[in-house]
Amino acid sequence: MEKTQKSTKRLATAKELRQVVADFYIEGHEAKQRGIPVGWMPPMNGLIEIFYAMDLMPVFPENWSPVCAAFGLTDRDFAVSEAMGYSQDLCGYLRNIVGYVYGLLGADGVPLGGLPEPDMVFSMGGGCVPAMKILQLISRRFPQARVFHADLPQVPVEKIRRYHIDYATSEINRVIAFLEETTGRKMDYDRLDETVRLSDQACALWDEIMTFRRHVPTPISAAEIGIMFVMVTRQGTQTAVDFLTKVRDEVRGRAEQGTGMIGEEKLRLFWDNIPLWYNMGIFNYFEKMGGVVVAETYSAAWSIRLSVEKPIEALAVKSLMSYPLVSCVSMQRRKEMVIKACRDYKIDGAILHSNKSCAPITLGQMDIKRALERELGVPSVVIDADHMDARNFSTAQFETRVDAFMEMLLEKKGMR
């Protein structure tokens with residue numbers, strides 16, 4: 001199994017994703033050439049919809065890191081950042097984007113043309129520490145770019161109160177004022193209403209698609225999870241709604257026909273933590289013994305329904321909630337989320353990815369492992385890897401652990 005092996009796509013719409021991704025990066029470069037302001041920002045916040053409402057171009061350097069992993073660029077990016085003194089123990093997203101902006105940025109032959117340079121850099125204040133440091137480091141690399149720092153509090157979802165929402169709303173209004181002053185463009189609030197409506201519609205479609213994964217056999221697996229690209233980059237656009245509508249229709253049709261991902265679905269598996277972006281083919285490895293990864297932790301982060309009646313407040317709530325859904329969440333809450341998913345999706349076994357690059361999403365996995373066995377009777381296996389750095393992944397070790405685990409699950413179900 002090669003470290004850059006791609007996953008096998010069985011959905012026609014998943015195969016169309018390549019063009020959707022290419023169009024996004026082409027649009028970024030065309031915007032730069034036409035003088036449309038480009039802003040680099042973290043994913044998972046209400047700034048995205050504001051940019052699209054004002055006809056500005058959002059760019060997501062953190063999201064570029066998985067693209068680099070898929071195209072095999074990370075070795076060069078890591079070499080640059082590590083030569084600058086960044087330790088291998090740091091987040092792979094951070095090390096990759098630092099290596100990219102000080103290395104391959106602007107070079108010929110970079111897939112998809114790379115990223116257009118930013119006119120503005122935004123740090124929304126929420127999220128894990130590396131996510132915030134990425135934007136700080138980028139602002140040093142591009143001193144000509146205007147910088148905006150929001151100050152959103154880190155609050156668990158269940159502890160968000162009215163005063164948190166009011167404060168976050170004031171920060172969203174401050175973002176809009178900054179953009180109007182910096183770009184000379186005025187916010188069209190009717191357009192913002194429409195953008196928020198489209199964003200909510202995309203989230204509703206995403207939720208519906210994920211619900212179909214409860215069918216046995218599942219009509220969509222983790223091997224197709226790249227479709228979440230539109231949830232990261234295109235929220236608030238008709239593009240996202242149109243693409244996800246096609247995905248929903250295809251997945252629904254497969255569910256109604258009882259069409260699964262493989263010939264015989266014997267084992268339904270759950271994946272905890274971020275996928276291995278350099279080796280998405282890992283999700284197909286389980287299929288040789290009838291296993292399909294039908295649910296995962298990561299997909300939960302990309303759907304937050306918005307109150308279309310109060311668009312600015314809705315974007316404030318989204319900005320507060322996004323990261324605490326996955327990375328900035330208590331161990332108790334994370335355990336509850338995994339247990340619920342394993343119950344809802346009829347999981348036979350869980351793969352817990354012990355991710356060297358992301359400690360916040362890895363902490364508590366032993367508690368999760370014990371809770372799954374105790375409360376649901378669901379066995380699990382821990383694999384050591386890294387969502388960005390292939391040097392921290394051993395194919396031989398992975399196969400040895402997974403093969404033994406799958407044999408045990410089949411034995412438990414009397415299907416060996």
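Ring pairs join Phe 24, Tyr 25, Phe 60, Trp 64, Tyr 100 and Phe 229 into a cluster. Rings of Phe, Tyr and Trp (its six-membered ring) are taken to pair if their centres lie within 6.5 Å, with planes under 30 degrees apart counted as stacked, over 60 as edge-to-face and the rest as tilted. The model is a predicted one, in which local features need pLDDT of at least 70 and side-chain atom pairs count only at pLDDT 80 or more, while totals for chains, interfaces and linings use all residues. Residues are numbered from 1 along each chain as its sequence is written, and side-chain values use heavy atoms, with hydrogens and water left out.

The structure holds 17 aromatic pairs. One of them is stacked, because the rings of Phe 24 and Phe 60 have their centres 6.2 Å apart and their planes at 25 degrees. This pair links distant parts of the chain, 36 residues apart: Phe 24 belongs to helix H2 (residues 17–33), and Phe 60 to the loop between strand E2 (57–59) and helix H4 (61–70). Helices (H or I, at least four residues) and strands (E, at least two) are DSSP runs, numbered from the N terminus. Both Phe 24 and Phe 60 are buried, where buried means under 20% relative accessible area, exposed over 50% and partly exposed in between (1.4 Å probe, protein chains only). Phe 393 and Phe 398 form a tilted pair, 5.7 Å centre to centre with 55 degrees between the planes; Phe 393 and Phe 398 are likewise buried.

Rings also meet charges here. The charged end of Arg 95 sits over the ring of Phe 78, 4.4 Å from its centre, and that of Arg 141 sits over the ring of Tyr 102 at 5.6 Å. The criterion is that NZ of Lys or CZ of Arg is within 6 Å of the ring centre and within 35 degrees of the ring normal.

Leaving aside neighbours within four places in sequence, Ser 357 is in contact (heavy atoms within 4.5 Å) with Leu 90, Cys 91, Gly 92, Arg 95, Asp 386 and His 387. Ser 357 is found in the loop between strand E7 (349–355) and helix H15 (359–362), and its relative accessibility is 6%, so Ser 357 counts as buried. The side chain of Ser 357 makes a polar contact with the side chain of Asp 386 at 3.0 Å and reaches the backbone nitrogen of Gly 92 at 2.8 Å. A polar contact is a pair of N or O atoms within 3.5 Å; within protein, one must be able to donate a hydrogen and the other to accept it, and residues adjacent in sequence count only if both atoms are side-chain atoms.

Gln 365, in helix H16 (residues 365–376), is also buried, with a relative accessible area of 4%. A polar atom of its side chain lies 3.0 Å from the backbone oxygen of His 353. Not counting residues up to four places away in sequence, Gln 365 touches Asp 272, Asn 273, Arg 334, Leu 352, His 353 and Ser 354.

Some backbone details complete the picture. The peptide bond from Val 216 to Pro 217 is cis, with omega near 0 degrees, and Pro 217 lies in the loop between helix H9 (189–212) and helix H10 (229–233). Asp 55, although not a glycine, has a positive phi of about 55 degrees; Asp 55 is partly exposed, with a relative accessible area of 41%.
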